[in-house]
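Please look at the structure below with its ligands in view, and follow the text from one ligand to the other.

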Amino acid sequence: MYNENMNKVINDFLKAIEIEFSFYPSLGLVSKQNSGCHFDMDYKTFQNSLKIFKPFLKTIYKDFNQIKDFYDLKQIGFNFENKMFEETNGVNTHKGLIFHSSIFFYCFLYTQINAGTLQKNIINFCKPLKSIPIKSKSMDLCKEYNLAHPTQIAISGYPVVFKALNYYQSIQHLNLEENLKYFLLLIFLTVNIDDTTMILKIGIQSYNNIKADLNSLAIKIEKNELSFKEIEEINNHFIKERVSPGGAADLFVLVMFLKLINYS
Ligand SMILES: CC(C)(COP(=O)(O)OP(=O)(O)OC[C@H]1O[C@@H](n2cnc3c(N)ncnc32)[C@H](O[C@H]2O[C@H](COP(=O)(O)OP(=O)(O)OP(=O)(O)O)[C@@H](O)[C@H]2O)[C@@H]1O)[C@@H](O)C(=O)NCCC(=O)NCCS
Ligand SMILES: Nc1ncnc2[nH]cnc12
């Protein structure tokens with residue numbers, strides 16, 4: 001397969017990742033400004049972690065014809081997950097994103113050369129995921145509270161990502177600086193998924209309360225009712241509460257990627 005645009009597509013993916021770990025305010029996530037609520041990682045850790053994504057995406061592109069099914073891709077994902085942990089000295093920066101981006105990027109390539117829509121091709125490709133048993137704390141949590149595990153989002157073709165892209169496009173006319181539009185997108189994703197990294201940290205009750213608070217914060221920002229200083233104060237409060245939506249951050253990258261490639 002040859003595609004002269006592929007370098008641009010890969011660069012757009014890398015750019016999307018960099019925007020995600022750079023923008024501020026971003027609740028308790030790591031940004032260029034600060035480490036949010038994290039003690040074990042900072043902006044530099046994410047820059048190191050970013051290094052694995054170019055060879056990772058290039059491998060998926062180069063090996064496209066050898067990747068026969070979900071299991072082949074899973075193996076590539078595992079290899080690069082190990083490389084990520086080497087780059088970060090064992091800190092989990094992008095485990096979720098490696099999982100999501102491999103599926104998303106592979107299916108994006110597939111859609112370019114085959115029939116169908118990106119979403120339908122993802123649903124089709126992820127069918128085997130339904131029968132792979134997952135034993136983890138977050139899976140236990142999802143079973144206990146009937147939440148959507150990250151794999152469930154993939155199985156259903158990432159509907160929340162496409163919804164979030166529409167939302168992000170709908171706020172482009174607002175007179176807000178770019179960072180606040182990113183912030184609104186992060187809030188949208190956080191309230192529209194079950195972010196297991198966050199629930200494991202703060203518990204389901206606080207998580208639900210925080211979702212309600214985030215909803216009203218978003219409305220105020222959209223209406224331009226808060227100064228930047230006031231938004232920063234609220235953001236600092238979320239940092240103190242250890243609100244760090246790592247799952248929403250991963251999906252933010254997918255939305256930003258679609259935006260950068262002008263997906264429609
Ligand atoms: C099958 C896997 C997805 C693993 O499943 P598991 O049950 O182990 O799931 P989790 O570890 O809970 O989730 C994996 C990561 O997915 C992100 N995530 C969480 N909720 C959602 C959601 N609702 N939607 C989408 N994505 C979600 C999240 O990743 C991000 O957060 C991580 C950082 O979190 P943080 O709290 O800062 O750090 P921790 O180490 O957790 O805590 P501290 O010690 O700091 O307090 C970071 O990774 C972000 O990316 C979840 O962590 C899958 O992993 C798998 O099978 N992988 C291997 C193979 C593969 O990739 N194959 C390719 C596809 S075929
Ligand atoms: N910017 C970020 N900060 C903390 N955890 C993350 N997981 C993915 N992106 C992240």
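A polar side-chain atom of E20 lies 2.9 Å from a nitrogen atom of ligand 2, a polar contact in the sense of a pair of N or O atoms within 3.5 Å. This is a predicted model, in which local features need pLDDT of at least 70 and side-chain atom pairs count only at pLDDT 80 or more, while totals for chains, interfaces and linings use all residues. Residues are numbered from 1 along each chain as its sequence is written, chains are lettered from A and ligands numbered from 1 in the order in which they are written, and side-chain values use heavy atoms, with hydrogens and water left out.

A nitrogen atom of ligand 2 also has a backbone N or O atom of V30 at 2.8 Å, and a polar backbone atom of T93 is 3.5 Å from a nitrogen atom of this ligand. Taken alone, ligand 2 exposes 270 Å², of which the protein buries 95% (accessible areas from the Shrake-Rupley method with a 1.4 Å probe). Two or more residues of the shell come from each of α1 (6–22) and α14 (246–260), and α14 gives the most, with three residues; helices here are DSSP runs of H or I with at least four residues.

Around ligand 1 there are 36 residues, the closest being N92, S136, S138, H149 and K201, where being near requires a heavy atom within 4 Å. A polar side-chain atom of K201 lies 2.5 Å from an oxygen atom of ligand 1, and a backbone N or O atom of K95 lies 2.9 Å from an oxygen atom of ligand 1. The largest share of this shell, eight residues, comes from α5.

Technical notes. A polar contact is a pair of N or O atoms within 3.5 Å; within protein, one must be able to donate a hydrogen and the other to accept it, and residues adjacent in sequence count only if both atoms are side-chain atoms.
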